[in-house]
Amino acid sequence: MVTSSVSTSPYLRDPDVQLMLRVKDGDDSAFAQIVERFQNRLIGIFTNMFADNALAEDLSQEVFLRIYRARQGYEPTAKLSTWIFQIANNLASNSRRSKGRKKEVQFKVSNSGSQPVQMGENNVVEKSGLMPTRQLDNVELMERVQVALLDLNERQRMAVLLHRFEGMSYADIGAAMELSPQAVKSLLSRARENLREILENYVT
Amino acid sequence: MEKLSRLSTEDRENLSAYLDGELDDGGTQRIETLLVQSSVARNDVELLSKTYDLLDELPRPDAPKDFLEKTLATAKMEQVKHPISEQQWFITTQKMLILSGWTVALVVASAIGFMVTNQYVERPDDALIQELPLIQNLDRYEEVQSVEFLDLLTADEKLMEEMRKATSYEQK
C-alpha cells in the first residue's frame with residue numbers, strides 16, 4: 001500500500017523503486033529482477049572490498065535476503081540503489097568487525113595464489129585478448145591496484161568503490177554510508193591521494 | 001609529497017571534487033583559475049586522475065550462474081521457516097492488540113465498578129441528598145408548625161384565591 005506522503009515521492013520515477021513496490025505487493029518475479037539487476041554490482045564491490053569471492057557472494061546474498069525480509073515495511077524514501085548500498089555498507093562493517101582483517105592480510109602476503117587474482121587474470125585475458133607478455137603486465141598491474149585499494153582504510157575503500165564502480169554522487173554515497181557530502185568529499189580526496197602515492201609509478 | 005605540500009588541504013579536496021564534477025560554478029571557476037596559474041595544481045590533477053583511472057583494472061566478477069536461483073530459494077525457504085506468527089510485524093501487532101485489549105478491559109471494568117458502586121452501595125451522604133428539598137425548605141416548614149394548620153389554610157378558598165393572584169402578580 002502506498003501512503004499519501006509516499007505517493008508524491010520523487011523516487012517513484014526510479015524503475016527499481018517500482019520493482020520494489022511490486023515486491024512489497026507480493027510479486028516475487030519483481031524480486032528476481034532486482035537480484036538480477038544488482039547481483040554483479042554487489043559481488044563486484046564486496047569482492048574488491050574483501051578480496052574474497054565466497055565472502056562476497058555470501059554478503060551479496062544476505063543483502064538481498066534483508067531486502068526481501070523488509071519488503072512489507074518498504075517505503076520509497078530514497079533511490080533503491082541507495083538503500084541497497086546502505087545495507088551493503090552495514091553488512092561490510094559488521095563483517096569486518098566479526099572477521100577482522102584476516103582475509104586482507106592473507107591476500108597481501110600471497111598475491112599470486114589468492115582467488116581474486118586468478119579471477120582477475122581470467123577477466124583481463126577475456127577482455128583484452130592481448131599477447132602473453134602484455135597479459136602478464138596487466139595482471140601485475142591489477143595486483144598492484146588491488147593491493148593499493150586494500151591499503152586504504154575501509155571507509156575510503158567503500159567510498160571509492162561506490163564512486164568508481166557505481167558512479168554514485170557524493171550525496172548518494174553520503175546517504176549510503178551515513179556521511180555528509182562534505183565528509184565524502186574529504187574521504188575521497190584522501191583516498192585519491194593515497195592511491196596516487198602508491199600507484200604513481202605505474203602511471204604512464 | 002613536496003609538490004603536495006604547496007597546495008592547501010582545501011585545494012586538494014577541491015581538485016578531487018573538480019575531477020568528479022562535484023563543485024558548484026564558483027568552485028569550478030576557482031579551480032580552473034588555479035589550474036591556469038599553478039603547474040603544481042596541473043600536475044596534481046593529472047596524477048590524481050590517472051591513478052584513479054587505474055581502478056578500472058580491478059576485477060569485476062559476475063555472479064555465479066546459480067546465484068539468482070539460490071537467492072530466491074533461500075528467500076522462499078526463510079519465508080517458510082518463519083511462519084506469519086513468527087514475523088516481527090505480526091508479533092508487534094499481536095502485542096499491541098493484547099495491550100489495547102487489556103486497556104479496554106480495564107476501562108470497562110472501572111466504568112462498571114463505578115456504576116455498581118454508585119447505584120447499590122449506600123453512602124452516608126445519600127440520606128442528605130435524598131432529603132435535600134426538605135433541608136432547603138426547613139425554615140419554612142418550621143414556621144408552618146403543623147400539617148393541620150396547612151390543611152385549614154388550603155380549605156379557605158378566598159385565601160387561596162388571593163395567594164394565587166399575589167403569586168401571579170409577583171411573577172409578572
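## Overall fold

Chain A contains 11 helices and 0 strands. The model is a predicted one. Along the sequence, chain A reads α-α-α-α-α-α-α-α-α-α-α.

Chain A has 204 residues, and 41% of them are buried. Among contacts in chain A with a separation of 6 or more, 63% join residues 24 or more positions apart.

## Packing of H3 and H4 in chain A

Two packed helices are described by the angle between their axes and the distance between the axes. For H3(A) and H4(A), the angle is about 140° and the axes lie 8 Å apart. The two helices are therefore oblique to each other. The crossing of H3(A) past H4(A) is right-handed.

Which residues make this contact? H3(A) supplies Phe31(A), Val35(A), Gln39(A), Leu42(A), Ile43(A), Phe46(A), Thr47(A) and Phe50(A). H4(A) supplies Asn53(A), Leu55(A), Ala56(A), Glu57(A), Leu59(A), Ser60(A), Val63(A), Phe64(A) and Tyr68(A). By class, the contact of H3(A) with H4(A) holds 12 nonpolar, 4 polar and 1 charged residues.

## Two loop residues with positive phi

Ala51(A) sits in the loop between H3 and H4 of chain A. Its phi is near 55°, a positive value in a residue other than glycine. Is Ala51(A) buried or exposed? Ala51(A) counts as buried, because it has 24 C-beta neighbours inside 10 Å and the cut-off for burial is 20 or more.

Glu178(A) belongs to another loop, between helix H10 (170–177) and H11 of chain A. Phi of Glu178(A) is also positive, near 55°, in a residue other than glycine. Glu178(A) is exposed, because 10 other C-beta atoms lie within 10 Å and the cut-off for exposure is 12 or fewer.

## Helix H11 of chain A

H11(A) has 19 residues. At 1.5 Å a residue, H11(A) should span 27 Å. The end C-alpha atoms of H11(A) are 26 Å apart, which agrees.

The buried residues of H11(A) are Val184(A), Lys185(A), Leu187(A), Leu188(A), Ser189(A), Ala191(A), Arg192(A), Glu193(A), Leu195(A), Arg196(A) and Leu199(A). An α-helix has 3.6 residues a turn, so residues three or four places apart point the same way.

## The contact between chains A and B

Chain A gives 40 residues to the contact and chain B gives 28 residues. On the side of chain A that touches chain B, the elements giving two or more residues are helix H3 (28–50), helix H4 (53–69), helix H7 (115–128), helix H8 (132–151), helix H9 (154–166) and helix H11 (181–199) of chain A. By class, this side of chain A has 19 nonpolar, 13 polar and 8 charged residues.

## H11(A) against H1(B)

How does H11(A) meet chain B, and at what angle does it pack with helix H1 (residues 9–19) of chain B? The angle between H11(A) and H1(B) is about 90°, with axes 9 Å apart. That makes H11(A) roughly perpendicular to H1(B).

From H11(A), the contact takes Lys185(A), Ser186(A), Leu188(A), Ser189(A), Arg192(A) and Glu193(A). They meet Arg12(B), Glu13(B), Ser16(B) and Ala17(B) in H1(B). By class, the contact of H11(A) with H1(B) has 2 nonpolar, 3 polar and 5 charged residues. Lys185(A), Leu188(A), Ser189(A), Arg192(A) and Glu193(A) are also among the buried residues of H11(A).

Notes
Residues are numbered from 1 along each chain as its sequence is written. Chains are lettered from A and ligands numbered from 1 in the order in which they are written. This is a predicted model: local features need pLDDT of at least 70, side-chain atom pairs count only at pLDDT 80 or more; totals for chains, interfaces and linings use all residues. Two residues are in contact if their C-beta atoms, placed from the backbone, lie within 7 Å. Helices (H or I, at least four residues) and strands (E, at least two) are DSSP runs, numbered from the N terminus. Ala, Val, Leu, Ile, Met, Phe, Trp, Tyr, Cys and Pro count as nonpolar, Asp, Glu, Lys and Arg as charged, and the others, Gly among them, as polar. The expected span of a helix is 1.5 Å times one less than its number of residues. Axes are lines fitted to C-alpha atoms, for helices over the stretch in contact, and angles run from 0 to 180 degrees between N-to-C directions. Angles under 35 degrees count as roughly parallel, over 145 as roughly antiparallel, 65 to 115 as roughly perpendicular and the rest as oblique. A crossing is left-handed if the near helix is turned anticlockwise from the far one by less than a right angle, and right-handed if clockwise.
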